[in-house]
Amino acid sequence: RRLIFWDLRDPEPVTAVNLPDEATTVTLSNTGRFIGCGGKDQVVRIFDFEQNRLLMEGAGHSGCITCVRFSPDDRQMVSTGEDGCIFVWNVY
């Protein structure tokens, strides 16, 4: 239940983030600044990679989150879940 970030040129991890439950999907924003994830706890999370902090959490799905992706301009993130729902989350 951790997201661990690696620079493949370095044997030690850059940073790690603890999660309350298992992440089933993770995505990196197009600029590389944000990391989005979702999982079994039905919550979408967006982290600021540069500042190593949680920016937002969003609840809406009633089933496990299966996919998260950022829009081309990184201003929104889309999530899908086992509940058949599609959510669009504003990041800006």
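**Salt bridges and a surface patch**

The count of salt bridges comes to 6, a salt bridge being a side-chain nitrogen of Lys or Arg within 4 Å of a carboxyl oxygen of Asp or Glu. The model is predicted: local features need pLDDT of at least 70, side-chain atom pairs count only at pLDDT 80 or more, and totals for chains, interfaces and linings use all residues. Residues are numbered from 1 along each chain as its sequence is written, and side-chain values use heavy atoms, with hydrogens and water left out.

**Asp-7 with Arg-9**

- Asp-7 and Arg-9 join their side chains in a salt bridge, 2.8 Å from N to O.
- Arg-9 is exposed, at 76% relative accessible area; exposed means over 50%, buried under 20%, and partly exposed in between (1.4 Å probe, protein chains only).
- Asp-7 is partly exposed, with 26% relative accessibility.

**Arg-33, Asp-48 and Glu-50**

- A salt bridge pairs Arg-33 with Glu-50, and their closest N and O atoms are 3.7 Å apart.
- Arg-33 sits in the loop between β3 (23-28) and β4 (34-39), and Glu-50 in the loop between β5 (43-48) and β6 (53-59), so the pair ties together parts 17 residues apart in sequence.
- Strands (E, at least two residues) and helices (H or I, at least four) are DSSP runs, numbered from the N terminus.
- Arg-33 counts as partly exposed, at 32% relative accessibility.
- Glu-50 counts as exposed, at 60%.
- A network of salt bridges links Arg-33, Asp-48 and Glu-50.

**Arg-45 with Glu-57**

- The side chains of Arg-45 and Glu-57 form a salt bridge, with 2.8 Å from N to O.
- This pair links distant parts of the chain: Arg-45 is in strand β5 and Glu-57 in strand β6, 12 residues apart.
- Arg-45 is buried, with a relative accessible area of 8%.
- Glu-57 is partly exposed, at 49% relative accessibility.

**Nonpolar surface patch**

- Ile-4, Trp-6 and Leu-8 make up a nonpolar patch on the surface, and together they have about 380 Å² of accessible area.
- Patches take residues with over 30% relative accessible area and no salt bridge; like charges are joined within 9 Å, and nonpolar side chains (Val, Leu, Ile, Met, Phe, Trp, Tyr) within 5 Å.
- Accessible areas come from the Shrake-Rupley method with a 1.4 Å probe; for residues, only the protein chains shown count as cover.
- Ile-4 lies in strand β1 (residues 2-6).
- Ile-4 counts as partly exposed, because its relative accessibility is 39%.
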